[in-house]
Amino acid sequence: MVIYGVAALALCMLVGTLVGELLGEALGVDANVGGVGFAMIMLVLVTSRLRRKGKFPEPSEQGVLFWSAMYIPIVIAMAATQNVVKAVTGGPMAILAGLAALVAGGALVPAVARIGKPAEPLAPLTEQEKQEA
């Protein structure tokens, strides 16, 4: 049942938010520190374990997949907006830190691209595959 998947997602989100709030309080920060990340990791672990035991049927999985497809982009967009507002109002140091992270990430692209073995290119599509696409 789809509702069980949605319930699993909601429960993981509540627990993740609680853990993030407690971590923020322990660190002396007035914010939720990583609550969404904890929730997503917990959701992956819980659903994986339930799938292995055969207690997470396909309709329940569809409930999780639907809301995770809706939820994750929305949360990322909200967090990105908050970060930009904080950076612009936070002064030049926040902007410099963001630019430094951008430059460092761009500089690491060639190094990350070299990781792993080169793969063989895919074979060209057959006429039948072209017609099906």
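Which pattern does the protein chain follow, read along the sequence? The protein chain follows the pattern α-α-α-α-α. This is a predicted model, in which local features need pLDDT of at least 70 and side-chain atom pairs count only at pLDDT 80 or more, while totals for chains, interfaces and linings use all residues. Residues are numbered from 1 along each chain as its sequence is written, and side-chain values use heavy atoms, with hydrogens and water left out.

**View 1. Overall fold of the protein chain, with five helices and zero strands.** Helices (H or I, at least four residues) and strands (E, at least two) are DSSP runs, numbered from the N terminus. Of the 133 residues of the protein chain, 14% count as buried, where buried means under 20% relative accessible area, exposed over 50%, and partly exposed in between (1.4 Å probe, protein chains only). The accessible surface of the protein chain comes to about 10300 Å², of which 72% belongs to carbon and sulfur atoms; accessible areas come from the Shrake-Rupley method with a 1.4 Å probe, and for residues only the protein chains shown count as cover. Among contacts (heavy atoms within 4.5 Å) between residues at least 6 apart in sequence, 53% join residues at least 24 apart.

**View 2. The salt bridge between E127 and K130.** The structure holds one salt bridge, a term for a side-chain nitrogen of Lys or Arg within 4 Å of a carboxyl oxygen of Asp or Glu. In the pair formed by E127 and K130, the closest N and O atoms are 3.8 Å apart. Both residues lie in helix α5 (residues 127-132), and because they are three residues apart there, E127 and K130 are separated by about one helical turn. E127 is exposed, with a relative accessible area of 54%, whereas K130 counts as partly exposed at 47% relative accessibility.

**View 3. The nonpolar surface patch that includes V19.** L11, V15, V19, L23, L27, V29 and F38 make a nonpolar surface patch of about 540 Å². Patches are made of residues with over 30% relative accessible area and no salt bridge, like charges being joined within 9 Å and nonpolar side chains (Val, Leu, Ile, Met, Phe, Trp, Tyr) within 5 Å. Helix α1 (residues 2-27) gives the most to this patch, with five residues. V19 has its place in helix α1 and counts as partly exposed, at 33% relative accessibility.

**View 4. The surface patch of positive charge.** R49, R52, K53 and K55 gather in this patch, and K53 is found in helix α2 (residues 35-53). Lys and Arg count as positive and Asp and Glu as negative, whereas His and the chain ends are not counted; the place of a charge is taken as NZ of Lys, CZ of Arg, CG of Asp or CD of Glu.
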